Each structure stands twice: as structure tokens, then as C-alpha cells.
Amino acid sequence: MSFIEPLVTSNAAAYSVPFSEATMSDIMNRPDLKSMVPQPKTYKKGPFTVEAAGCRKVDGETIPRRNPAAKDKLHTSPSEDVRTVYDILKRSSGKYGNAKALGYRTLVKTHDEVKQIKKVVDGKETTQDKKWTYFELSGYNYISFVEYEKLVHNVGAGFRALGMKSQDRVHIFAATSPWWLAIAHGASSQSMPIVTAYDTLGEEGLKHSLQQTYAKAIFLDPHLLTKLIGPLKEGGKIAIEHVIYNSKADVKQDDIKKLKDAHPHLTIQSFDDFVQKGQDNPVDAVPPKPEDLCCIMYTSGSTGAPKGVLLKHKNVVAASKSLVSNLSHILLRR
């Protein structure tokens, strides 16, 4: 694998800042921010792959090649004490403590603005009104590693308070956020595999993932609540009993009512109420094993029905080692 360093250039100015030297403030304060074009530049010399040690030559085939860092043996873990996703959480909290783990911004206000744009129709230039929407966001709020670990254990206890147990599955149908991660890690703390599906999937794709996985609980963004109504009418293999919506986003009570009226058997609650339930009913963690199923990750379904990819904890941990090996010089740069 080759590593590239973006060399930021601009047609408007003869100005360049190597990525390894520029800070985010440097980039954001550039006068040509909108017109600059990142240009890739190789800054690490090869070889980028080497022949794997111990492999015999087979006629008609080349010897398998690996990253130089793993030429003698495939890496399986970033640390001896990390074998599962839950181990990553525990190790990070113990090592980094009160350092910032996650940052997020909340929506302050939505601004709508109508602008006139020029458009050519049938060879004639016309002027049309177009509505633009801008999102005003707050400053960053941060959660420390210790705070995040506590949140995760409350989430895990929340699932147990719902009557769920080890190996029950939790579906996640939402945009990535700290609360997405907390649901995922919380499920892991109780050895519950997660099911992930793109929040842009239509109802057919969502129904497909629900029917295949028998998930008992689902976490979603509130604007997706009504997308559950149709798939849940299919019944059969769909086992959803509990709905948890992201209370950090705008929630329409009418959408909650529509879902509850269509499916009275569901328990529907906000993420905040769910976490409080876990806090009020603490339980010990049920750590997973490396061979346990960690995630069923659904594809986008661009070539047909979405496909569920099964990942064990050891698969995810091995991937994290790849990040550490290949990107630590960037990730750990201050």
C-alpha cells in the first residue's frame, strides 16, 4: 500500500502547504479555501508489498504478497490485551481516562434562503428561484473516554432491562453519530451482535435486513420512524419489539404516534430515556469472545437486495490493527 500526502494547491494562488505541516486552522483560514484542489503526493518510499514468508511457489501463480509490517505473520490484534471490540473500549478508557474520546455538534437552527439562479431551457437563459437550506450548528461538545465507557455500560444495561440477553441482535438504522457508536459498544458489552444498514436504504432494503437477522431492538434517527411501519406489517420473521430513537435530533411526536398506532406491541422510547433505564437497572457486563459474531453489516444494495456480511470480533480487531500499523504516524500526530 502506498501512502500519499495531499499537497494543497490552488489555481488562484501559488500557495501550497504539505499536509504533514498544516494544521486544520491553517487550512480553514486560507483565502482560497473554495478553489484549492488537493493533489496527491507520495511521501513514503517502497517497497509497499513484499512476498509473504514461508509460502511455496506454485506453477502459474505468484507468491502471495503482504504489507511489509506483516511479512512474517498476519497481525490479529493491536495489543495483547485486545481480542474483542469490548476489549478496545476497556483498554481505551483505562489508558486515556479523561482525554477527549468523542466530539459532536448539535443543530441550533435550520435556515432557508431563496436565491435566483440562471438556467438555460430550450436554448434560452431564464432565471428561477431555488431554495437553499443551511444548518446552523453549535460548537463542539466532548465526551471523555471514562464518560463514554459509563455511557456504554448504561446502554448495555438498558438492553438487559428490556428483557434482552446475550446473542440477541440489535439493529442500527441511523446516520453515524456518538449515539450510534454507544449503541454498538453497549450491545457488545452484553455479547449482543449488531446489525447495521445504511440509513438511506428504502423500506424494501430495511425489510430484507430485518427478516434475515431476527433483531429484537432497533436504534434509528427520528425522521426514519415511519419507515418502520411498512416493513413491520410483514410480520413473519421480523422480531422487532423495541424501538429506540435518537433524541439528539428533531423528533416529531406525530411520527411516534403513527408508528405506535400501526404497531401497538412496540415499546418506543428516546435514547435518553433508554440510557436512564440502564442507569436505574445496572448489570455486570457479559464480555464477548473473539469467535463471537460482532456485526452483520449490510451493503447498499446497489446491485440487488442488500447483502449481510458477517464479522466476528476477531475480524474487527484485526482490522483495527491494520489501521494502527498503516496510519499511526498520521493518527498519533499532534
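**A walk from the surface to the cysteines**

M24 is exposed, with a relative accessible area of 58%; here exposed means over 50%, buried under 20%, and partly exposed anything in between, using a 1.4 Å probe and protein chains only. This is a predicted model, in which local features need pLDDT of at least 70, side-chain atom pairs count only at pLDDT 80 or more, and totals for chains, interfaces and linings use all residues. Residues are numbered from 1 along each chain as its sequence is written, and side-chain values use heavy atoms, leaving out hydrogens and water.

Together with M28 and L33, M24 makes a nonpolar surface patch of about 300 Å².

Now let's turn to Q269, which sits in strand β14, residues 267-270. Q269 counts as buried because its relative accessibility is 12%. Leaving aside residues up to four places away in sequence, Q269 touches L162, V243, I244, Y245, F274 and K277, where contact means heavy atoms within 4.5 Å.

Finally, the cysteines. A disulfide is a covalent bond between the sulfur atoms of two cysteines. With a disulfide taken as a pair of cysteine sulfur atoms within 2.5 Å, the count for this model is zero. C295, for instance, is in no disulfide, and the nearest cysteine sulfur, that of C294, is 5.9 Å away. C295 is buried because its relative accessibility is 6%, whereas C55, at 31%, counts as partly exposed.

Methods
Patch = residues over 30% accessible without salt bridge, like charges linked within 9 Å, V, L, I, M, F, W, Y side chains within 5 Å. Areas by Shrake-Rupley, 256 points an atom, 1.4 Å probe, with all protein chains shown as cover. Salt bridge = Lys/Arg side-chain N within 4 Å of Asp/Glu carboxyl O. Helix = DSSP H or I, 4+ residues; strand = E, 2+ residues; numbered from the N terminus.
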